[in-house]
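Me: Can we go through this one together? I'd like to begin with the charged side chains and then move on to a helix.
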Amino acid sequence: MPFSYVPLASRADVDRAEADAGALARLKSAFASSHVGVFFFALEPAGGDVTVYSRMFAPGLGVMEDPATGGASGPLGCYLVAHGLVPASGWHDIGTGPGSVEGR
């Protein structure tokens, strides 16, 4: 599934994101399916062992918002490791535990 990943400065910025179906429909997709999914995330966790806070909008798939999408969170883990935002040795689980991803 193709997604555009948008890093934001804070958890509050992620919360302020709005699912504007018209604006998302105007985005051009680089993929043959014309699907545009936008995944917002911040490295400002809510607390505990959570590393990332996120939200995903994909009205083209019939889902205005899916805050806990595994299809986007899995690749986000790879992105975070590849860009040195989390150590590869600390990334154990997407969902709960050390290095996990939290959706709103």
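Me: How many salt bridges does a search of the whole structure find?
Reply: The search finds two, a salt bridge being a side-chain nitrogen of Lys or Arg within 4 Å of a carboxyl oxygen of Asp or Glu. This is a predicted model, in which local features need pLDDT of at least 70 and side-chain atom pairs count only at pLDDT 80 or more, while totals for chains, interfaces and linings use all residues. Residues are numbered from 1 along each chain as its sequence is written, and side-chain values use heavy atoms, with hydrogens and water left out.

Me: ok, which residue does Arg 55 pair with?
Reply: Arg 55 forms a salt bridge with Glu 65, with the closest N and O atoms 2.6 Å apart. The pair links distant parts of the chain, since Arg 55 is in strand β3 (residues 50–57) and Glu 65 is in the loop between β3 and α3, 10 residues apart; strands (E, at least two residues) and helices (H or I, at least four) are DSSP runs numbered from the N terminus.

Me: And is Arg 55 buried or exposed?
Reply: Arg 55 counts as buried at 4% relative accessibility, whereas Glu 65, at 30%, is partly exposed. Buried means under 20% relative accessible area, exposed over 50%, and partly exposed in between (1.4 Å probe, protein chains only).

Me: Switching to α3, which residues are buried there?
Reply: Ala 72, Ser 73, Leu 76, Gly 77 and Leu 80 are buried in α3. Seen down the helix axis, they fall within an arc of 145 degrees (taken from the directions from the axis to the C-beta atoms), so they line one face. On the other side, Cys 78 and Ala 82 are exposed.
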